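This report goes through a structure from its overall make-up down to single residues. The sequence and the coordinates come first, and the description follows.

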Amino acid sequence: MLHIFCPHCGELRSEEEFHSAGQAHIPRPLDPNACTDEQWGDYMFFRDNPRGLHHELWIHAAGCRQYFNATRDTVTYEILETYKIGAKPQVTGKSSAPQLVANGQGEKV
Amino acid sequence: MSQVYRLSSGGRIDRSKVLNFTFNGQTYQGYAGDTLAAALLANGVDIVGRSFKYSRPRGIIAAGAEEPNAILQIGASEATQVPNVRATQQALYSGLVATSTNGWPSVNNDVMGIIGKVGGKMMPPGFYYKTFMYPQSFWMTYEKYIRKAAGLGRAPLQNDPDTYDYMNQHCDVLVVGAGPAGLAAALAAGRSGARVILADEQEEFGGSLLDSRESLDGKPATEWVSAAVNELKGMPEVTLLPRATVNGYHDHNFLTIHERLTDHLGDRAPIGQVRQRMHRVRAKRVVLATGAHERPLVYANNDVPGNMLAGAISVYVRRYGVAPGRKLVLSTNNDHAYRVALDWHDAGLQVVAIADARHNPRGSLVEEARAKGIRILTSSAVVESRGSKRVTGARVAAIDVKAHKVTSPGEWLDCDLIGSSGGYSPVVHLASHLGGKPVWREDILGFVPGDAPQKRVCVGGINGVFALGDSLADGFAGGALAAAEAGFKAPAVTVPKTLARQEEATVALFQVPHDKSTARAPKQFVDQQNDVTAAAIELATREGFESVEHVKRYTALGFGTDQGKLGNINGLAIAARSMGITIPEMGTTMFRPNYTPITFGAVAGRHCGHLFEPVRFTALHAWHVKNGAEFEDVGQWKRPWYFPRAGEDIHAAVARECKAVRDSVGLLDASTLGKIDIQGPDAREFLNRIYTNAWTKLDVGKARYGLMCKEDGMVFDDGVTACVGDNHFIMTTTTGGAARVLQWLEIYQQTEWPDLKVYFTSVTDHWATLTLSGPNSRKLLSEVSDIDLDKDAFPFMSWKEGLVGGVPARVFRISFTGELSYEVNIQANYAMGVLEKIVEAGKKYNLTPYGTETMHVLRAEKGFIIVGQDTDGSMTPDDLNMSWCVGRNKPFSWIGLRGMNREDCVRENRKQLVGLKPVDPTKWLPEGAQLVFDPKQPIPMDMVGHVTSSYAANSLGYSFAMGVVKGGLKRMGQRVYSPQADGSVIEAEICSSVFFDPKGERQNV
């Protein structure tokens, strides 16, 4: 069971308080009517399935009911960071993971 | 004659406490402190079961969790049956009832055994797949009998009377295993002040020290154990959990511990006590001190009862005062087996010989045995054992390990017990639960845990550190490290002094060679629980199963309840040799939770019976019960389904309730509808974006029906939303959709439109909703309310605040029945009083309570949809003939608009919701029934839709249904057909889905 740091509550809590809501950073097109059917289909249905780092949207459903993002390694299930909606991920490649652990943030997330 | 194999002294048992127990119907005696296995051995019980495939007699091999054969059914009554208990891990108690899980008519005289003997050659791996393959549909039939013959224990037929529970724990350091390394680690971490949990699967702490010949600081090992345990007991932050198996290592250092609190006390837990507890532990650091399992050697007929693990013999002798035989022959490739010879010799029993595969062993223990005059045969091994129900002899022959050959015919030695030791396999199970691959170490001939991202430390035997002094030092260091990483500083320690020993290296021997080829030699068992032989593994590799995972699946190696604790490494080694590659090239073996089987009781904890799932009741539930309601589950809610009077069935009750609503007035508890309070300056704009229709012009005091779609344009919820103030709305949702809709609103507000100032609060439980529906509802309500109910002052689709039954209420004039209706919302804790006043006043109007069934009928007569019944996530508002509810010209491209304009959503001939009127008005179309245009078309027929809601002839005088039909809206008056399972065909006419009061006059009076 994952241990997830809610960036709104500022606490590590157990996975059973959270729900995953799929891949993060998929903005709704600002002008849906300008999208072709194919573009709209991509927006609605097509998601990445990476081996390794994945940015995910989560909700602290049984807690503060706030959505946030998490960067998770789909192989080891390590969560390398969690960050609020609107923020950008700090961990975007394999190389930065050990660095976060080293500077103490890995402990928190 | 009882306990003939009990030694006259020794063991950690209490000989003053005699315990009676039964095995396969026969009564035996043992002592307090025995395991069931120890007591069986003490009584000379050789056969504990019959093997899975060949039905060969099997005896106890091991003394712990790795036992593959003594898998018994425990339980003195039907309700307390527990299958697949390892006798080696079950403490003996008075009145214990155990039976073998297989063997017919008995384990001693088994019919299948004869077949196994003669049919062995005819049952190669994959036998079941190959033999019972055709016809495929018969597998289910075969399987039932194969399982019965094989025997895997059985579940009880009655409810378990005991209580099980969960406990959540947090700790700095969780130490798994309380052998020497684990105790040392717990001491180091405990002394640092860290919060420590020490869990061990055995009845008492100490692990291998409990049967050890070693001394610590010159004192017997068990004295050090007592001192260590006492010190730990005195530490306030240390929790000690004996009889507690850490059975799963899950993500982010979450581990589950299966603690058996009272399994050692009796068949049932004492009154008021919990039988088993699942600890759910989040540990900052984990110390794995799980030790190592001795590996047996694989030789011919190595499964005859009387063939045991060498180390297990020492455990029985030293810990339980039981000698599992009289004349012992040992076969080994390492020094450790010699201490078994010494223990046996010290107990005054005869060591016939030790066969050592090595050329010239000179270790300290070897020399000690030599000095005692024990016969040692070097470059030799037991190649074959003799005996049918018990070992009667062992053939020891010279072997060439490198060439895998027997180099002399050898000699038969008379004996009744053979102990074999092929080295030690570190218990890496927990370390690999999360996918961490074990790494082969040639120097210890075993797999050790590899690198893993988990915050854990491995100490002692699991690391391949076997010598006692080294293991203790490793434990202290690991415990201190774990504590330090968790933020604590462990004081320095002095590791207790142990005797330094000279040790001769182990030689790599897994399968012992035989004069004949593996295929022709007597069976050499690798996995005794699943009857996998060395020949079967060789055959699997010959048949092309080259991956270890395929070999395992084809032969069933390691697929028993023991997960191949004894067999996996030997199987891997045999497969590797057969393919001419090394063990690490062959691969590794992985393990999954649970380490040992756990009971369903422990899995369920308190979540059974009425605590299985939460149940939600409305504020009026007690009234419904008192008035005889039958209930229906809607999500977690209990909703009144119908209110039968004496002698009424559901049809009669629903017909009466429907008539009362249409003729006078009915009362429905609508409290379960989801209610979301929406506030904020941008609330109106938000509704415009979420709903398909327009909300800009909805005035304060008005209400409107709305449809919600997903981005694909498909309807996913509906309900009425009322404007309370310019910045304040009350949204209602379907009963089952309330939570889903709230999350839907939140995700869009938080992730897409955070600039919109709008807030959502679930108020479903805050308000109780009483719906009064029927032509007399106005008259009735006026008698209990001060609200002006005049049809012009309070028109349809508006709402007012006022007193109802003397209590402030929000009354919505909306209708789901097509009748004049008022939905009275009252603060939930006042609702019962208001209800009673309404009921009192309603007597003269024949006020009739009705349930969900009548509600469904009445709404269907009006063609009102129920989302989730008439829709299935693939229907647009247009498909539902609800274009009137779609605001295509709203400025913002609201959710669903783009989706419903996709090419496929606007094509002709989509399935559309229509009314269906059976041509024979007494026929009822089953809900879900498929529809066709041509009933004479041969199968497969073109299915053109299905029935979504259907009701028998009632107030309308004919049966009617709603359903979806391809292009149905343009097919009014045409016929569709529904072929039934019994061969009949129901013919129906496509019609408008509004069957009753099509102009909507009755709700507008």
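## Overall make-up

This is a predicted model. Chain A contains three helices and six strands, arranged from the N terminus as β-β-β-α-β-β-β-α-α. Chain A has 109 residues, of which 21% count as buried. When contacts in chain A between residues at least 6 apart in sequence are taken, 50% join residues at least 24 apart.

Chain B has 1005 residues, and 53% of them count as buried. Its secondary structure comprises 24 helices and 50 strands. The C-alpha trace of chain B spans about 115 × 70 × 55 Å along its principal axes. In chain B, 67% of the contacts with a separation of 6 or more are between residues 24 or more positions apart.

## A five-stranded sheet in chain B

Chain B has an open sheet of five strands in the order β36-β37-β38-β35-β39, with antiparallel pairing. The edges are β36 (703-709) and β39 (759-762) of chain B; each has a single partner strand, so one side of each is left without a neighbour in the sheet. On average, and ignoring direction, neighbouring strands of this sheet are turned by 30° against each other.

Within the sheet, strand β37 (residues 715-725) and strand β38 (residues 728-733) of chain B form an antiparallel pair over four bridges. One bridge links B:Cys723 to B:Phe729, the latter in β38(B). Helix α19 (residues 683-690) of chain B packs on the sheet and touches β35 (674-679), β36, β37 and β38 of chain B. The direction of α19 makes about 30° with that of β38(B). Helix α20 (residues 738-752) of chain B lies across β35, β37, β38 and β39 of chain B, and runs at about 20° to β35(B).

## Two packed helices

Helix α21 (residues 777-784) and helix α22 (residues 831-842) of chain B pack with their axes 9 Å apart and at an angle of about 125°. The two helices α21(B) and α22(B) are therefore oblique to each other. Their crossing is right-handed.

From α21(B), the contact is made by B:Leu780, B:Glu783 and B:Val784, and from α22(B) by B:Lys837, B:Ile838, B:Ala841 and B:Gly842. Four of the residues in this contact of α21(B) with α22(B) are nonpolar, one is polar and two are charged.

## An enclosed helix

How many of the 10 residues of helix α8 (residues 337-346) of chain B are buried? Seven of them are, so α8 is largely enclosed by the rest of the structure. The buried residues of α8(B) are B:Ala337, B:Tyr338, B:Arg339, B:Val340, B:Ala341, B:Asp343 and B:Trp344.

These buried residues of α8(B) pack against α7 (310-320), β18 (327-332), β19 (350-356), α9 (364-371) and β25 (417-421) of chain B. Just after α8(B), B:Gly348 has a positive phi of about 80°.

## Two asparagines in strands

B:Asn20 is part of strand β1 (residues 14-23) of chain B. Because 13 other C-beta atoms lie within 10 Å, B:Asn20 is partly exposed. Not counting residues up to four places away in sequence, B:Asn20 touches B:Thr27, B:Gln29, B:Ser94 and B:Gly95. B:Asn20 and B:Gly95 are 75 residues apart along the chain, while their C-alpha atoms are separated by 5.8 Å.

B:Asn84 sits in strand β6 (residues 82-86) of chain B. B:Asn84 counts as partly exposed because it has 18 C-beta neighbours inside 10 Å. Leaving aside neighbours within four places in sequence, B:Asn84 is in contact with B:Ile71, B:Leu152, B:Gly153, B:Thr561 and B:Pro597. C-alpha to C-alpha, B:Asn84 and B:Ala70 are 8.7 Å apart in space, and they are 14 residues apart in sequence.

Notes:
Residues are numbered from 1 along each chain as its sequence is written. Chains are lettered from A and ligands numbered from 1 in the order in which they are written. This is a predicted model: local features need pLDDT of at least 70, side-chain atom pairs count only at pLDDT 80 or more; totals for chains, interfaces and linings use all residues. A residue is buried if 20 or more other C-beta atoms lie within 10 Å of its own, exposed if 12 or fewer, and partly exposed in between; C-beta atoms are placed from the backbone. Two residues are in contact if their C-beta atoms, placed from the backbone, lie within 7 Å. Axes are lines fitted to C-alpha atoms, for helices over the stretch in contact, and angles run from 0 to 180 degrees between N-to-C directions. Angles under 35 degrees count as roughly parallel, over 145 as roughly antiparallel, 65 to 115 as roughly perpendicular and the rest as oblique. A crossing is left-handed if the near helix is turned anticlockwise from the far one by less than a right angle, and right-handed if clockwise. Ala, Val, Leu, Ile, Met, Phe, Trp, Tyr, Cys and Pro count as nonpolar, Asp, Glu, Lys and Arg as charged, and the others, Gly among them, as polar. Two strands pair if DSSP finds at least two bridges between them.
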